[in-house]
Amino acid sequence: PVYKELPDDVLTLFRKANRMDAPLNLKASRLFVRKLSHTLTKLKIGHLIDADRGPFTFDIVERDRKVVYECNHFDRFYAYSTEKIASMCLQERIVKAMGYRVVQVPHWHWNKIRHKKQRTEYIRMSRYYALKDRREMVPRDEEVQDVAVNELDFMGEYFFRKDMPQTHFA
């Protein structure tokens with residue numbers, strides 16, 4: 001409501017400021033991060049490279065959403081395995097606790113995909129799954145629901161309510 005009441009010249013300045021990109025420091029970042037950044041630019045996703053958020057410096061952070069892209073290079077895994085080192089696992093837990101969504105891009109997936117269009121689709125779908133995944137948003141104090149119980153279990157078995165069993169194992 002207040003936004004629409006602003007003068008037109010202020011609105012255009014806000015729109016220009018929203019479209020501005022921060023100065024990129026591509027010298028320090030890895031080729032993997034630069035390629036991922038280029039893919040995000042193709043997808044028209046505003047982002048920052050090597051952004052500082054709290055105590056961490058992230059590979060890529062989206063500007064408009066709380067989404068972090070982790071370019072998981074080989075040095076973030078134990079030798080000869082696909083298991084992340086403990087410090088990276090802890091960082092991921094802290095980042096999720098800060099309210100960020102984390103898009104994991106492991107180096108073996110990225111290097112296996114050769115075509116640019118496939119890489120673009122891979123990043124687009126990884127971002128989609130990271131944003132839409134609700135498993136981490138469930139409160140931890142909420143009572144666990146029994147997945148084996150279904151309200152349709154007794155449908156059609158009994159014609160009268162008095163014949164329906166009171167417990168599931170009757």
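Seven salt bridges are present in the structure, which is a predicted model. Side chains of opposite charge can pair when their charged atoms come close. One of these contacts joins the side chains of Arg-30 and Asp-75, with an N to O distance of 2.7 Å. Arg-30 belongs to the loop between helix H1 (8-19) and helix H2 (31-42), and Asp-75 to the loop between strand E3 (67-72) and helix H3 (86-97); the pair therefore ties together parts that are 45 residues apart in sequence. Arg-30 is partly exposed, at 37% relative accessibility, and Asp-75 is likewise partly exposed, at 38%.

A further salt bridge is formed by Glu-62 and Arg-127, whose closest N and O atoms are 2.5 Å apart. Distant parts of the chain are linked by this pair, since Glu-62 is located in strand E2 (residues 56-62) and Arg-127 in helix H5 (residues 116-132), 65 residues apart. Both Glu-62 and Arg-127 are buried. For Arg-30, by contrast, the relative accessibility of 37% corresponds to a partly exposed position.

Aromatic contacts were examined next. The structure contains five aromatic pairs. In one of them, the ring centres of Phe-56 and Phe-58 lie 6.0 Å apart and the ring planes meet at 40°, so the arrangement is tilted. Phe-56 and Phe-58 are both buried. Together with Tyr-100, these two phenylalanines make up a cluster linked by ring pairs. Tyr-100 also has a charged neighbour: Lys-66 lies over the face of its ring, 4.9 Å from the ring centre.

The protein chain as a whole comprises five helices and four strands. Read from the N terminus, the order of the elements is α-α-β-β-β-α-β-α-α. Of the 170 residues in the protein chain, 30% are buried. Among contacts between residues at least 6 apart in sequence, 51% join residues that are at least 24 apart.

H2 consists of twelve residues and extends 17 Å from its first C-alpha to its last, close to the 16 Å expected at 1.5 Å a residue. Its buried residues are Phe-32, Val-33, Leu-36, Ser-37, Thr-39 and Leu-40. These residues lie on the same side of H2, because the arc that they cover around the axis is only 160°. The elements covering the buried residues of H2 include strand E1 (47-53), E2, E3, strand E4 (101-106), helix H4 (107-112) and H5. Just after H2, Lys-44 adopts a positive phi of about 60°.

For H5, the 17 residues should span 24 Å at 1.5 Å a residue, and the 24 Å between its end C-alpha atoms agrees with this expectation. The buried residues of H5 are Arg-119, Thr-120, Tyr-122, Ile-123, Ser-126, Arg-127, Ala-130 and Leu-131. An arc of only 160° around the axis contains them, which means that they are on the same side of H5. On the other side of this helix, Lys-117, Tyr-129 and Lys-132 are exposed. Cover for the buried residues of H5 is provided by elements including H2, E2, E3, E4 and H4. Arg-127, one of the buried residues of H5, is the residue that forms the salt bridge with Glu-62. H2 is among the elements that cover the buried residues of H5, and H5 is in turn among those that cover the buried residues of H2.

Terms used:
Residues numbered from 1 in each chain as written. Predicted model: local features only at pLDDT ≥ 70, side-chain atom pairs only at ≥ 80, totals over all residues. Heavy atoms only, no water. Salt bridge = Lys/Arg side-chain N within 4 Å of Asp/Glu carboxyl O. Helix = DSSP H or I, 4+ residues; strand = E, 2+ residues; numbered from the N terminus. Buried < 20%, exposed > 50% of the residue type's maximum accessible area, 1.4 Å probe, protein only. Phe/Tyr/Trp six-rings, centres within 6.5 Å; stacked < 30°, edge-to-face > 60°. Lys NZ or Arg CZ within 6 Å of the ring centre and 35° of its normal. Expected span 1.5 Å × (residues − 1). Arc of directions from axis to C-beta. Contact = heavy atoms within 4.5 Å.
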